[in-house]
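Thank you all for coming. I would like to walk you slowly through one structure, beginning with a helix and ending with a single residue.

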Amino acid sequence: MTCHDLLDDIVDLEKRFYEEGYKSGHLFGFSEGKKDGHVLGYKQGALVAMEIKSYESFANCLLQQQNLNSYRIEKSLETLRDLCKNFLFENTDDLLERFNVINSKHKQVKSLLNKQMERKSPGTADLTF
């Protein structure tokens, strides 16, 4: 065994430990990241579900009012309620798009309600929540 062989073994040993440590760290990071991703996805899914159900409750509450006085508002509320009721809580490619449709419809209904309230005289309170 020569001096060159001994030095090569030391260099190879360091390289081998580095590669093993990298592989071990990569596997550990992957498994921990997968756990963290699962927890984050679960929490975000719960927030989306709460928001959609609050929109549905909003629509149901207003549809029970007898004084909407607008066919357009009533139809928009029914559409919002139906969109919320039929929302599929599955991880598909169009999940965000479907959620944005519901969010946009909710904003439209709120806008229509604000316009209706502005048209009434300041002293009347026909629309109550």
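Helices here are DSSP runs of H or I with at least four residues, numbered from the N terminus, and the expected span of a helix is 1.5 Å times one less than its number of residues. Please keep in mind that this is a predicted model, in which local features need pLDDT of at least 70 and side-chain atom pairs count only at pLDDT 80 or more, while totals for chains, interfaces and linings use all residues. Residues are numbered from 1 along each chain as its sequence is written, and side-chain values use heavy atoms, with hydrogens and water left out.

Helix H2 runs over residues 71–85, and because it has 15 residues at 1.5 Å a residue it should span 21 Å, which agrees with the 21 Å between its end C-alpha atoms. Its buried residues (under 20% relative accessible area, with a 1.4 Å probe and protein chains only) are Ile73, Ser76, Leu77, Leu80 and Cys84. These residues cover an arc of only 100° around the axis, so they lie on the same side of H2, where the arc is taken from the directions from the helix axis to the C-beta atoms.

Finally, Glu56, in helix H1, counts as buried because its relative accessibility is 10%.

Terms used:
Helices (H or I, at least four residues) and strands (E, at least two) are DSSP runs, numbered from the N terminus. Buried means under 20% relative accessible area, exposed over 50%, partly exposed in between (1.4 Å probe, protein chains only).
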